[in-house]
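Please have a look at it first, and then I will take the contacts one by one.

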Amino acid sequence: VEVPTHSELKYIRKEAFAGSGLSKINLENSCLEIIGEGSFENTFLETITFPMTLKTIDTFAFYGNESLVELIFPHSLETLGNQVFAGCLSLASMDLSHTRGTRIPMSCFSESGIERIILPPLLEEIGDEAFSHCHSLLELEIPPRVTQLLGSTLSNCSMLRRLRVYDTLEQVDEYVLYDDLEENTGLVIDMGELREHRHYFPTEF
């Protein structure tokens, strides 16, 4: 599917393509600003091209999309909804470094195939279970504006081997790195001067 040039499409409504057999869609020529709740939930979508006007990807928009392999985001992107990429098993990498987001919401990437992700530089908040059960996640850098890691943000990330945090971090909850199977024993935390939270991280330095 390709949206025609000069299309005035600005909003994809709730569950518009949910459960469909759609595999590719090109929205580059549209004026799209919002992808609505569950718009592409549980589809067979492999690739999607976003326009430079996109601001919001709402809750469950790509939930359970096991075929999605790559996403390139425009600079205009500001908001992601809860569980927006949860269960996207083929989505191995993501670069949000040039987006305007300040929040990664609850369960945003939970149970996805993410191995590496670059978070937005303006990020201030990471929601509970945002990366929980991401068993392929290898490394993660938490941007310096994030001052708290709460809930079970990185629980059951059994392959996580390197986590970088900054000395701006003020609070770390006990179960942030909880692992049911205790498989993340090779994890190295790069904490700089952040000594007071070390007892929360069961690892060597």
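Predicted model: local features only at pLDDT ≥ 70, side-chain atom pairs only at ≥ 80, totals over all residues.

Let me begin with a definition: a charge sits over a ring if NZ of Lys or CZ of Arg is within 6 Å of the ring centre and within 35 degrees of the ring normal. In this structure, the charged end of R164 is placed over the ring of Y166, at 4.4 Å from its centre.

Residues are numbered from 1 along each chain as its sequence is written, and side-chain values use heavy atoms, with hydrogens and water left out.

Now to the ring pairs, where rings of Phe, Tyr and Trp (its six-membered ring) pair if their centres lie within 6.5 Å, and planes under 30 degrees apart count as stacked, over 60 as edge-to-face and the rest as tilted. By this rule there are 10 aromatic pairs. One of them is the stacked pair of F40 and F62, with 5.3 Å centre to centre and 5 degrees between the planes. F62 also pairs with F50, this time edge-to-face, at 6.3 Å centre to centre and 75 degrees between the planes.

Are F50 and F62 buried or exposed? Both are buried, which here means under 20% relative accessible area, whereas exposed is over 50% and partly exposed lies in between (1.4 Å probe, protein chains only). F40 counts as buried too, because its relative accessibility is 0%.

Finally, ring pairs join F17, F40, F50, F62, F73, F85, F109 and F131 into a cluster.
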